[in-house]
Amino acid sequence: MNLLEAETGKTYTIQAIDTEDEDMNAFLFHLGCYSGEPVTIMSKKKNSCIIVIKDGRYSIDNILAESIIV
């Protein structure tokens with residue numbers, strides 16, 4: 001399941017990043033978003049969601065959230 005399908009307030013472990021775009025992959029890696037890392041979904045909105053990775057809080061759009069497999 002991806003982050004858009006996950007429940008708010010729960011912590012999941014990232015299983016994979018499912019994207020063909022190298023820039024998007026590099027951006028997510030820079031945030032600390034890679035396999036094995038825990039991620040918590042704080043809230044979801046219409047076009048974005050707020051996640052916590054490594055004590056950093058980030059707002060990502062739905063395209064990025066769909067590419068993060070938990």
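Which residues touch the most other members of the largest nonpolar core? Please also show how that core sits in the rest of the chain.

A: One caution to begin with: this is a predicted model.

Start with the core itself. The largest nonpolar core has 18 residues. Those that touch the most other members are L3, L28, V39, I51, I60, I68 and V70. In soluble globular proteins, nonpolar side chains tend to be buried together.

Set aside its neighbours within four places in sequence. I68 is then in contact with M1, N2, L3, I14, A16, I17, L28, C33 and I60.

Now step back to the chain. It has 2 helices and 6 strands. Along the sequence, they follow the pattern β-β-α-β-β-β-α-β.

Next comes the sheet. Four strands form an open sheet in the order β1-β3-β4-β5, and the pairing is antiparallel. The edges belong to β1 (11-13) and β5 (56-61). Each edge strand has a single partner, so one of its sides has no neighbour in the sheet. On average, neighbouring strands are turned by 35° against each other, direction ignored.

Strand β3 covers residues 38-44, and β4 covers residues 48-53. The two run antiparallel and are joined by 4 bridges. K44 stands opposite C49 in β4.

There is also 1 aromatic pair in the structure. Its partners are F29 and Y34. Their ring centres are 5.1 Å apart, with 40° between the planes, and the pair is tilted. F29 counts as exposed because its relative accessibility is 54%, over the cut-off of 50%. Y34, at 26%, counts as partly exposed.

Last, the whole chain. Buried residues make up 37% of its 70 residues. Consider contacts between residues at least 6 apart in sequence: 57% of them join residues at least 24 apart. The C-alpha atoms fill a box of roughly 30 × 25 × 20 Å along the principal axes. The radius of gyration is 11 Å, which agrees with the value near 11 Å for a compact globule of 70 residues.

How values were computed. Residues numbered from 1 in each chain as written. Predicted model: local features only at pLDDT ≥ 70, side-chain atom pairs only at ≥ 80, totals over all residues. Heavy atoms only, no water. Phe/Tyr/Trp six-rings, centres within 6.5 Å; stacked < 30°, edge-to-face > 60°. Buried < 20%, exposed > 50% of the residue type's maximum accessible area, 1.4 Å probe, protein only. Pairing = 2+ DSSP bridges. Axes fitted to C-alpha atoms, helices over the stretch in contact; angles between N-to-C directions. Core = buried A, V, L, I, M, F, W, Y, C linked by side-chain atoms within 4.5 Å. Contact = heavy atoms within 4.5 Å. Rg over C-alpha atoms; globule rule 2.2 N^0.38 Å.
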